[in-house]
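I opened this entry to look up a few side-chain and helix contacts. My notes follow in the order I checked them.

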Amino acid sequence: MELDERKKKILHAIIRTYMETGEPVGSRTIAKYSDLKLSSATIRNEMSDLEEMGYIVQPHTSAGRIPTDKGYRLYVDHLMEEKDKEVTDLKELMFERTDRLEQVLKQVVKVLANNTNYTTMISTPQYHQNKLKFIQLSRVDEKQLLAVIMAEGNVIRNKLIPICEELDEETVLKLNILLNTMLNGKTIEEINLQMISSMKEQAGIHSNIISDVVDAVAEAIHSDEGMEIYTGGATNIFRYPELTENGRAGELIQTLEEKHNLVDLVNETLSSEEKGIQVYIGSESPVKSMKDCSVVTATYELGEGLQGTIGIIGPKRMDYEDVMGKLKSMMDQLDEVFHKE
């Protein structure tokens, strides 16, 4: 009898489940936790074939099945082939990182999810502690100014600023000179209250414009526009009962699908003074739906201020040592490739 693809998937599901629980595995368990979309009856028939072929065995009547040595051997050989292919594919993608960064990041979360059995995420790189390049104020009409703000990485934002009275060209020119003299080359962290007060004093009756422009600068530099977050292994959530009770799995899946709540996690990681691996346990996470999880994150860098976040999400009982080791290994691979001339 031939071991077709469906039988292989069922065998792998049996082995993975047995390794996690240590209990014989029944057809209902496989139907519930795998993505095979097969009925329990169909899975039972396939399990009978696998038992006849010597890949699994029923330890006693009315129990589920457990793998035999032959089953483990097939699983390990297949696993080694998959891992070798993943590493090869990842290296090939990384060498073409400029044109295929999106594919690299998607492959990273896939590899980490497969290797850890947890849920993973990665953000596209953003400019962190971005510096302002220039500000250009222009008159739109008697009631509005247009502020064009450019930050490093050619990030451009436009902001309409209301004014109480029409300004002449000379006043607009003076405000442009004042703003660019004081702010160009500064990060938002370097724009302090003393600097703002000085600009307001020099602007006189137009001090309110200074406040509006500084707000627009902060928005431009810290904007999350254009950030993409890729996730992997979302279904791994269902491996852990504590993450599926009382609708928790649904909340987590929704968070991973909608992505916008993950931005808070990315921003907190990037803004932290700790640039190594960080661990958020339960309520320490800035994401409300992850209060029953642990989240391990790290920051990767592409140079010139470009930084992104990699995260692994699992139960509080996750294997922290294993997760941190694999995350560190992935960071080393990314660092090696992205900083290669």
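I am working from a predicted model.

Aromatic pairs. How many aromatic pairs does the count give? I get one aromatic pair. The ring centres of Tyr118 and Tyr240 lie 5.6 Å apart. Their planes meet at 35°, so I log the pair as tilted. I then looked up where the two residues sit. Tyr118 is in the loop between α5 (101-116) and β3 (119-123). Tyr240 is in the loop between β8 (229-232) and α9 (248-258). The two are 122 residues apart, and the pair links distant parts of the chain.

Are these two tyrosines buried or exposed? Tyr118 has a relative accessible area of 8%, under the 20% limit, so I call Tyr118 buried. Tyr240 comes to 9% and is buried by the same cut-off.

Asn115. I found Asn115 in helix α5. Asn115 is partly exposed, at 28% relative accessibility. I also checked Asn115 against Val323, 208 residues apart along the chain. Their C-alpha atoms are separated by 9.1 Å.

Charge over a ring. I noted the charged end of Lys70 over the ring of Tyr55. The distance to the ring centre is 4.6 Å.

Helix packing. How do α1 and α3 cross? The axes of α1 (residues 5-21) and α3 (residues 40-52) come within 10 Å and cross at roughly 90°. I therefore record α1 as roughly perpendicular to α3. From α1, the contact uses Arg6, Lys7, Ile10, Leu11 and Ile14. From α3, it uses Thr42, Ile43, Glu46, Met47, Asp49 and Leu50. I sort the contact residues into six nonpolar, four charged and one polar.

Definitions and conventions
Residues numbered from 1 in each chain as written. Predicted model: local features only at pLDDT ≥ 70, side-chain atom pairs only at ≥ 80, totals over all residues. Heavy atoms only, no water. Phe/Tyr/Trp six-rings, centres within 6.5 Å; stacked < 30°, edge-to-face > 60°. Helix = DSSP H or I, 4+ residues; strand = E, 2+ residues; numbered from the N terminus. Buried < 20%, exposed > 50% of the residue type's maximum accessible area, 1.4 Å probe, protein only. Lys NZ or Arg CZ within 6 Å of the ring centre and 35° of its normal. Axes fitted to C-alpha atoms, helices over the stretch in contact; angles between N-to-C directions. Parallel < 35°, antiparallel > 145°, perpendicular 65-115°, else oblique. Contact = heavy atoms within 4.5 Å. Nonpolar A, V, L, I, M, F, W, Y, C, P; charged D, E, K, R; others polar.
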